[in-house]
Amino acid sequence: TDGVTEAQNTEDEFYEEVRLISKIQSHVGSSAHNIQKSVALDILDFVGEAPQFDDMTIIIVKKL
């Protein structure tokens, strides 16, 4: 990821790596696309109306 863990909400809290790892682990059996979608939606929910100052990139790769 790039910029994801630096995403901030309206209370100036960061999304943080712990939250990202937890979100990914909760969807470990899902497709890479569904994991990416779940993470992206969680970030949007977390930041709410807070303006972001960095772009965000999410790449999910699953080993078969």
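How many salt bridges does the structure hold, and which residues form a salt bridge?

Modeller: This is a predicted model, in which local features need pLDDT of at least 70 and side-chain atom pairs count only at pLDDT 80 or more, whereas totals for chains, interfaces and linings use all residues. Residues are numbered from 1 along each chain as its sequence is written, and side-chain values use heavy atoms, with hydrogens and water left out.

The structure holds one salt bridge, a term that stands for a side-chain nitrogen of Lys or Arg within 4 Å of a carboxyl oxygen of Asp or Glu. Arg19 forms this bridge with Asp42, and the closest N and O atoms are 3.0 Å apart. Because Arg19 lies in helix H1 (residues 17–25) and Asp42 in helix H2, the pair ties together parts that are 23 residues apart in sequence. Helices here are DSSP runs of H or I with at least four residues, strands are runs of E with at least two, and they are numbered from the N terminus.

The two partners can be told apart by their accessibility, for which buried means under 20% relative accessible area, exposed over 50% and partly exposed in between, using a 1.4 Å probe and protein chains only. Arg19 has a relative accessibility of 31% and so counts as partly exposed, while Asp42, at 13%, counts as buried. The side chains of Asp42 and Arg19 are also listed as a polar contact at 3.0 Å, that is, a pair of N or O atoms within 3.5 Å, where within protein one must be able to donate a hydrogen and the other to accept it, and where residues adjacent in sequence count only if both atoms are side-chain atoms. Leaving aside neighbours within four places in sequence, Asp42 is in contact (heavy atoms within 4.5 Å) with Tyr15, Arg19 and Lys23.

Ser38 is a further residue of helix H2, which spans residues 32–47. Ser38 is buried because its relative accessible area is 13%, and its side chain makes a polar contact with the side chain of His27 at 3.3 Å. Once residues up to four places away in sequence are set aside, Ser38 touches Lys23 and His27. His33, by contrast, is a residue of H2 that counts as exposed because its relative accessibility is 53%. The C-alpha atoms of His33 and Ile59 are 9.5 Å apart in space, although the residues are 26 apart in sequence.

A search of the whole structure finds one aromatic pair, where rings of Phe, Tyr and Trp (its six-membered ring) pair if their centres lie within 6.5 Å, and where planes under 30 degrees apart count as stacked, over 60 as edge-to-face and the rest as tilted. The rings of Tyr15 and Phe46 have centres 5.4 Å apart and planes at 85 degrees, so the pair is edge-to-face. Since Tyr15 lies in the segment before H1 and Phe46 in helix H2, the pair ties together parts that are 31 residues apart in sequence. Tyr15 and Phe46 are buried. Not counting residues up to four places away in sequence, Phe46 touches Ala7, Gln8, Asn9, Glu13, Phe14, Tyr15 and Arg19; this list includes Arg19, the residue that bridges to Asp42.

Tyr15 and Phe46 also belong to the largest nonpolar core, which has nine residues, the others being Val4, Ala7, Leu20, Ile35, Val39, Ile43 and Val47. H2 gives the most to this core, with five residues. Such a core is a set of buried Ala, Val, Leu, Ile, Met, Phe, Trp, Tyr and Cys residues joined through side-chain atoms within 4.5 Å.

In the segment before H1, Glu16 has a phi near 70 degrees, a positive value in a residue other than glycine. Glu16 is partly exposed because its relative accessible area is 46%.
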